[in-house]
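Dear colleague,

Please find below the structure that I am handing over to you. My findings follow directly after it.

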Amino acid sequence: MASAPMGVAAVAGAGAAAAAGTAAAAGGTAATVLGGVSTAAAVTVGAVAVVAAAVVGATQVLGPGDAGPLPGVSGTSLATSLAPSAGPTGDVLPVPPPVPSVSPTDLPGDLAEPAVPEEPGLADGSAGGDATGPGRAGGRASGSVLAGSDPEAPVPDPSAGPPPDPAAPGQPGPGPVPPDPTPPPEPAPVVVVEPGGGLALVAGSGGQQIALTVRNDGGRAAVDLRADVALPPGVRVEAVGGVLVAGRGATPLVTDGWVCLSSGEHAATCTLPELPPGASAPLVLRVSVDDSVAGGEHQVGLHISGRYRTWSPPPLRVSVAPSPARLVPAAAPAPVQLVVGRTRTLALPLVNAGGAAVTAGAPATVDLVLPPGVTADAAAPWTCAPEDRLVRCRLPELAGRQATTLVLALTAAPGVAPREGAVEAVLGPVPSGPPPRVTVPSTLVRPAAPVLAAPAAVDVALGAVTQVPVDVTNTGDLPATGVAVRLAAPGGAVPVAGGSCRPEGASAVCRLGEPVPAGATVRVLVPLTGGAGAVGDLGVAALAVAADDADLPAPTAVGVRGVAPVLALGEATAVADGAGGGVLAFVVSAAGPAQGRPAADADDLVARVTLPRGAPHDPAAVLPGTAACTADPSGRTVECRLGRLAAGGRVPVQVNVRVAGALDRPAEVVVTAAGAGAVRTAVRVVASSAGLTPVWSGTGDLDVTEVGAPLLVCRRGAAVPCPSVHQSHANNGLDMQPLDQAPPPGARARVPVSSETRLALPAGRPVVWAGLYWSGVRGPHDGWSGDPAAARLRAPDGTWTDVHADPAAVRQVRDDAGRHYYQAAVDVTALVAGGGGGAWALADAAVSDGRSDRDPTYYAGWSLVVVHGAEGPDGASVTVHEGPSWVGRAVAAPAFAFVGEAGARARVGVVTWEGDRGTGGDRLTMSGVGPLTPLRWDGTRVVGGGSATDAFDSTATGWRWANSLGVDAKAFADVTMASDVATLTPTTGSDQYLLGVVTVRTAAPVGVVAP
């Protein structure tokens, strides 16, 4: 046999012999596939075999630098017959459509081989013989063969350059080839030897090899061989003989004589011009297997054709191992926002892109690189634990192609500074190459942090709503949502509804409807009111704030003070109607707000009235009283329950009384309310009787005295009065003339008059009250010498003071004969308290300026009534009643009633005008006692009792004479009262007089305390 052509000599020579002689020794079995001849005896010619070989064999064929042995492929061959296209009936894989054969003359560069003559009969496709077979006519196969396959072919000189191109211009073209009458030779038998373990691939990996060896087991050369290889879906041709196939139009590749091109994504077509007898030609395809290829048995389709025959062996089995487990991201996670002191969730969607499962021995791993101060934990079935500078998370089981989600709980430690960062995740396992990495941008922010600002203390008041201002400021980086301000009020402070606030038990809860943005401040007004009677320091209110997932401050203390109601009593008065009835009225008010402070309503408002003796409560009065007022059985204590009075409001109260007689005594009114200080006032109950009205009343260590003097005397001489009259005689019908005993300096009245009286006051007893009275009478046709309201008063020290009576205090009456009487009254407490005891004088009071009366009864005089001692809640009671009240023969005697206490010692004093000494029938009778006995004055002292039947006998205590000529200023002997109300009845038999003042002093008997 001739030497092998360039490039395949080693394979065609040594490889063919080795393959032919050692097929059995290699562990494989060969099945001969004969051509389709009609004779029974088969002749072995041009045999071609395709054998799957181990990677080691492929490496020897391809030379150094190849990829190495295929995993799982052994050197044991399994003989597989290649049957002609018309022979086998077994299933075969479809093969890609044939592509044109590539002849050696198509090869570029040093891969091209010189052309050899065709074998006879090949031009028309008829069978031809090999170099030694019968029927050879000295010609070559029409297809190109490798050099050295024909011993008669010349060996080309490498230095001679390429042979001339028959198609080039100027070159003579080949002549027509005469037909070869030689009959075609019989085809060589072709066998396929597989490794004992079969073909093996791994899914999800590239750079794997499918090695095929074509072996001619016949005695004749096989020419124009074409092998079409169909790979399973997902198995792609990556390279042939270790070189990448660039695709259609790329330079074909040569591997041990084979020239291959990719004929599709999952197919390759290779051509070999000639394979000598007994020679082998390995064919190596480098492939990649997709991850999606399922593990298990797959098939490689193989179709081989030659010049004379076509062989379609059964599919070759290939075992595909699943792709290795490989953890990759399933989707890009969204950026995560971390919050200081909080846990946030990060979900990493992952998938095992390999076909093999993750096992506990080789778990899926995610290595986390976290921002400083952040820790991670995982939700089951993942687990995480810190390792070195990272956190490793493990999943022990995950099937191939199965998805999973690593749910991370990322916790930022308190106090970590906000920053921008990222969570880095490195995924495993990864069979080769760099591991996948997932970078999740992160931000670290502070949580919402609402803080409160409120006043240190607030005031609350019953009936008023205090809006406690609370400022909520969000000092965090996130909006504060679900914000609620809670104020737990102390006892006495009551939450009320208002705005966003509602009471919840003893607390006011204010819920904000909108989030508070970071850095913003929102004011909340928390409404409170005061409870009834809750005043003063009520304690502290605990003010707290709540918000969703926020840092919350400690509660704030707000002091709460209860404002007391401020009560007032005003317009208090007592009025007697003169017919035994009377009204005590007053107004209770509650102060309103002042100086920004709330004002409290007065709740449980009660007015308690203590009435004086002689003026008890009268529930049957005609005038309606306040319905809320009720009295105790004595009628002296009246309680009026007025309920609630709004701040700034007022309520009038009217208490009807029944007046038993003349009195001037205080009624005490005390008003209280819950939490309020009591207010009180004294209302003087003044009632007239018989024309006499009390003008002053008091209690304590008190006594009263009356002094006086006349301003007219009987005529005797220029300056000396009638001695006998002044001593003891009656003065009625005398010729009365003006007396100017103590003339004052300066201008005088038209009829100057003056006189003195001596006021005796015990040492050390101050003057409590003093009243000055003067009076006179004129005939029907006379006039007054001056203004009845004016006079001049001299103190013991000689100081003169002009005094003027209020017009209402100048009272005038007229008798049945037309005479005019007057009495003027002036309060001179200050003058007498300053002047003290001694000689007091009055001058220039109005007197009659004529003497026209045919029945003369002229008089004029004056009096001082002085109460002295010390006032107090206990002791004697002194009342001064003013008139005048006329007592005459033609007028019914007035009954003068006054109030005291049964069993009390009573002293009655009077100031009376125009009483005549020596005229009998004048009496002053006290009910239950009888006529009172007057005390007389001898000009220097009280000398004892006078006549009870001549009660008004012209005795003026303090005057220089015993007879004061129509002026009475004196006391009656003490008596014991028979009842609480005593009636004094002045009467006359033949005289008439003007009752000007009545004083009453009552004192409890020794050993008895007055109520």
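In this predicted model, 77% of the contacts in the chain with a separation of 6 or more are made by residues 24 or more positions apart. The chain has 1011 residues, of which 50% count as buried. Its accessible surface amounts to about 41800 Å², and carbon and sulfur atoms account for 56% of that area. The secondary structure consists of four helices and 65 strands.

Arg-486 has Val-509 in β32 as its bridge partner.

I turn next to the disulfides. A disulfide is a covalent bond between the sulfur atoms of two cysteines. The count here comes to four, and I describe some of them below.

Cys-260 and Cys-270 are joined with a sulfur-to-sulfur distance of 2.0 Å. This link is right-handed, with 120° about the S-S bond. It connects distant parts of the chain: Cys-260 belongs to strand β10 (residues 258-264) and Cys-270 to strand β11 (residues 267-275), the two cysteines being ten residues apart. Both Cys-260 and Cys-270 are buried.

Another disulfide is formed by Cys-384 and Cys-393, whose sulfur atoms lie 2.0 Å apart. Its torsion about the S-S bond is about 105°, and the disulfide is therefore right-handed. Cys-384 and Cys-393 are both buried.

A further disulfide joins Cys-629 to Cys-640, with 1.9 Å from S to S. It too links distant parts of the chain, since Cys-629 is in strand β39 (residues 629-631) and Cys-640 in strand β40 (residues 637-645), eleven residues apart. The link of Cys-629 and Cys-640 is right-handed, with 110° about the S-S bond. Cys-629 has a relative accessible area of 10% and is therefore buried, the limit for that class being under 20%. Cys-640 counts as buried as well, because its relative accessibility is 0%.

Some points of the backbone geometry also deserve a note. A cis peptide bond connects Ala-380 and Pro-381, with omega at about 10°. Pro-381 is placed in the loop between β20 (374-378) and β21 (383-387). Gly-883 and Pro-884 are likewise joined by a cis peptide bond, with omega at about 5°; Pro-884 lies in strand β55 (residues 876-887).

Positive phi values occur in residues other than glycine, including Asp-224, where phi is near 50°. Asp-224 is located in strand β6 (residues 222-230), and its relative accessible area of 26% makes this residue partly exposed. For Asp-844, phi is also positive, near 60°. Asp-844 sits in the loop between β53 (838-843) and β54 (860-871) and is buried, with a relative accessible area of 11%.

With kind regards

Conventions
Residues numbered from 1 in each chain as written. Predicted model: local features only at pLDDT ≥ 70, side-chain atom pairs only at ≥ 80, totals over all residues. Heavy atoms only, no water. Disulfide = S-S within 2.5 Å. Buried < 20%, exposed > 50% of the residue type's maximum accessible area, 1.4 Å probe, protein only. Pairing = 2+ DSSP bridges. Contact = heavy atoms within 4.5 Å. Areas by Shrake-Rupley, 256 points an atom, 1.4 Å probe, with all protein chains shown as cover.
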